[in-house]
Amino acid sequence: MLFQIFDAFKPRLHDSNSKVTQVALEAMHKMIPLLKDNLSPVINMLIPAIVDNNLNSKNPGIYTAATNVIQALCQHLDTSLLLQPFCTKAQFLSGKAKQDLTEKLA
């Protein structure tokens with residue numbers, strides 16, 4: 001069931017309409033404390049959707065929402081669940097996104 005929900009939700013995290021993306025990130029930020037470690041089955045699918053484009057966004061609302069989601073993940077999930085997906089993404093990112101994710105890894 002969780003996979004079906006997030007399969008439908010994931011495209012909203014990188015929608016061509018920036019307002020849709022921002023609202024999706026803000027909704028994700030609210031969901032994380034509620035779902036906590038129950039997100040573990042979908043975390044490998046969610047992190048790329050959250051990070052790709054959003055952490056390097058020139059839109060301050062999207063960038064802020066994405067950093068809030070990353071922060072919420074670090075606060076509410078077992079950090080061992082985040083280590084591998086964060087490392088994988090950090091290898092291929094550039095710019096501010098790479099810096100932000102590397103700081104979270106440290």
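**View 1. Asp100 and its partners from elsewhere in the chain.** Setting aside neighbours within four places in sequence, Asp100 touches Leu55, Tyr63 and Thr67. This is a predicted model, and Asp100 sits in helix 6. With Tyr63 there is also a polar contact, side chain to side chain, at 2.6 Å. Is Asp100 buried or exposed? Its relative accessible area is 13%, so Asp100 counts as buried, the cut-off being under 20%.

**View 2. Helix 5 packed with helix 6.** Here we look at residues 79-92, which form helix 5, together with helix 6; their axes lie 9 Å apart at an angle of about 150°. Helix 5 is therefore roughly antiparallel to helix 6, since angles over 145 degrees are classed that way. The crossing of helix 5 past helix 6 is left-handed. Helix 5 brings Leu83, Phe86, Cys87, Lys89, Ala90 and Gln91 to the contact, and helix 6 brings Lys98, Leu101, Thr102, Lys104 and Leu105. Sorted by class, these are 6 nonpolar, 2 polar and 3 charged residues.

View 3. Which residues does Leu105 contact, leaving aside neighbours within four places in sequence? They are Leu83, Phe86, Cys87 and Ala90. Leu105 has a relative accessible area of 29%, so this residue is partly exposed.

Conventions:
Residues numbered from 1 in each chain as written. Predicted model: local features only at pLDDT ≥ 70, side-chain atom pairs only at ≥ 80, totals over all residues. Heavy atoms only, no water. Buried < 20%, exposed > 50% of the residue type's maximum accessible area, 1.4 Å probe, protein only. Contact = heavy atoms within 4.5 Å. Axes fitted to C-alpha atoms, helices over the stretch in contact; angles between N-to-C directions. Helix = DSSP H or I, 4+ residues; strand = E, 2+ residues; numbered from the N terminus. Parallel < 35°, antiparallel > 145°, perpendicular 65-115°, else oblique. Left-handed = near helix turned anticlockwise from the far one by under 90°. Nonpolar A, V, L, I, M, F, W, Y, C, P; charged D, E, K, R; others polar. Polar contact = N/O pair within 3.5 Å; in protein donor to acceptor, adjacent residues only side chain to side chain.
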